[in-house]
There are 2 protein chains.
Amino acid sequence: MDPLLLTHLQSNIHLTDEQLSELEGFFQPRQLKKKHYLLQEGEINLGLAFVTEGLLRSYKVDSNGFEHVLQFAPPGWWMADMKSLNRQEPAELFIEALEPTAYLFITRQKLDLAFKEIPQLERHFRMLAENAVIAYQQRLIGNLSLPAIERFATFCRLYPTLTRSLPHKQIASFIGVTPEFFSKMINNTPLPD
Amino acid sequence: MDPLLLTHLQSNIHLTDEQLSELEGFFQPRQLKKKHYLLQEGEINLGLAFVTEGLLRSYKVDSNGFEHVLQFAPPGWWMADMKSLNRQEPAELFIEALEPTAYLFITRQKLDLAFKEIPQLERHFRMLAENAVIAYQQRLIGNLSLPAIERFATFCRLYPTLTRSLPHKQIASFIGVTPEFFSKMINNTPLPD
DNA sequence: ATTTTTTCTTAATCCAGATTAAGTAGCATT
DNA sequence: AATGCTACTTAATCTGGATTAAGAAAAAAT
């Protein structure tokens, strides 16, 4: 079992060695080259990815062709288009590798099976989803009440490892401004060192 | 057992009569008068509310004193400050009755107990939380990519029963505009009948 | 019924951030 | 080393929605 996944699971639940090895069998290790896609709009998201190396991003392309980043997934994070995955309908999102990325993939069928075999997993994923709800609520409130510069500060707290390594346009897209405005903003208020 | 709660639970899981009556015992029926609070900023959210009659709203007051509505809860919906509830920390949100409201209240302790006694509940609440994540993702994308008038249209689809009954300022606060702008917008583009 | 409060409207002015456009710098590819 | 790409910057102009201010109308309280 991947050590990152193990730590992740153990943060919420305890599983026996037997359960862990059964669970391990449900995952398949996969890779993506930089700029390749895990999912494209219109496809059906067939499973859930747990990133072990690299970086994924999910984004929506709106009716004017602009991209809006929903989530970045560095190692230790899950990634999927949950709407497409849960309802087995065409995806609205793209999921792309921003770096060469390794991940563990579990299909919806296997995940359902895993929930049946290892009921504690329901608990783990419930808590995971609840935390995601909290995070999206915070982000929504931030988008409604904070100016761009403070949303950027919030971003830096959320993804400290990415703040330096990510192209500015990706951060701009996440916090909801244009790259042009981001550039202006950042050059008036430089990064704290 | 309240018929609304029963239908709600049965949408995702099946429970025996015994389990249902045990679960029923965990809830206490409560009421709120109009404009009274279920929760105020700084308090710790001690439990989860399932609305059976009336209407609740949760909102955040930002540093400039402006309110931002996170959620409305008409009958059949759950309401809580999940961050405060899950982490037992002071709430950022207010939860207020917009109408005289009846709800079933379950404390965190009893909910934890219910999860232990009735493991299928984990599944139900996992699915609930996942759907909430999806809803917040959609709303976030809408806020980033749609003009106010289309966010209003989305609102009308999400809460069809509330579109007519709610004060405009509440709708404005939910979609993220000022009441003044909402008024201007709505009077340029009247409601479809 | 009258006062008070809250909701809703209109209109003028203002501003954060978008748009457009042009240019620079780096980094791949050939 | 030339030809792209893509990231990033700068600056002028524009705009969706905010702010401010005032009044009208509806609802609640007395």
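The model is predicted: local features need pLDDT of at least 70 and side-chain atom pairs count only at pLDDT 80 or more, while totals for chains, interfaces and linings use all residues. Residues are numbered from 1 along each chain as its sequence is written, chains are lettered from A and ligands numbered from 1 in the order in which they are written, and side-chain values use heavy atoms, with hydrogens and water left out.

The interface between the protein chains comes first. In chain B, 31 residues are in contact with 31 residues of chain A, where contact means heavy atoms within 4.5 Å. The size of an interface is often given as the accessible area lost when the parts come together. Here chain B and chain A bury about 3,400 Å² between them, 65% of it on carbon and sulfur atoms; buried area is the accessible area (1.4 Å probe) that two parts lose on being put together, summed over both. On the side of chain B, the residues that lose the most area to chain A are B:R126, B:L140 and B:L144, together 18% of what that side buries.

Ten residue pairs, both residues at pLDDT 80 or more, are in polar contact across the interface of chain B and chain A. A polar contact is a pair of N or O atoms within 3.5 Å; within protein, one must be able to donate a hydrogen and the other to accept it, and residues adjacent in sequence count only if both atoms are side-chain atoms. The elements of chain B that give two or more residues to the side touching chain A are β5 (67-73), α3 (82-87) and α5 (120-145). These elements are DSSP runs, numbered from the N terminus: helices (H or I) of at least four residues and strands (E) of at least two. The largest share, 19 residues, comes from α5(B).

Side chains of opposite charge can pair when their charged atoms come close. A salt bridge is a side-chain nitrogen of Lys or Arg within 4 Å of a carboxyl oxygen of Asp or Glu. The whole structure has 16 salt bridges over all chains, and the count between chain B and chain A is four. In one of them, B:R123 pairs with A:E122, with the closest N and O atoms 2.7 Å apart. A:E122 and B:R123 are also linked with B:R126 and B:E130 in a network of salt bridges. B:E122 and A:R123 likewise meet in a salt bridge (2.7 Å, N to O). B:E122 lies in helix α5 of chain B and A:R123 in helix α5 (residues 120-145) of chain A, so this pair joins two chains. B:E122 is buried, at 7% relative accessible area, whereas A:R123 is partly exposed, at 29%; buried means under 20%, exposed over 50% and partly exposed in between (1.4 Å probe, protein chains only).

Turning to DNA strand D, the residues that come nearest of the 16 around it are A:H168, A:K169, A:S183, A:N187 and B:T178; a residue is near a strand if one of its heavy atoms lies within 4 Å of it. For the side chain of A:S183, the distance from an N or O atom to a phosphate oxygen is 2.9 Å. The most residues of this surface, three, come from α9(A).
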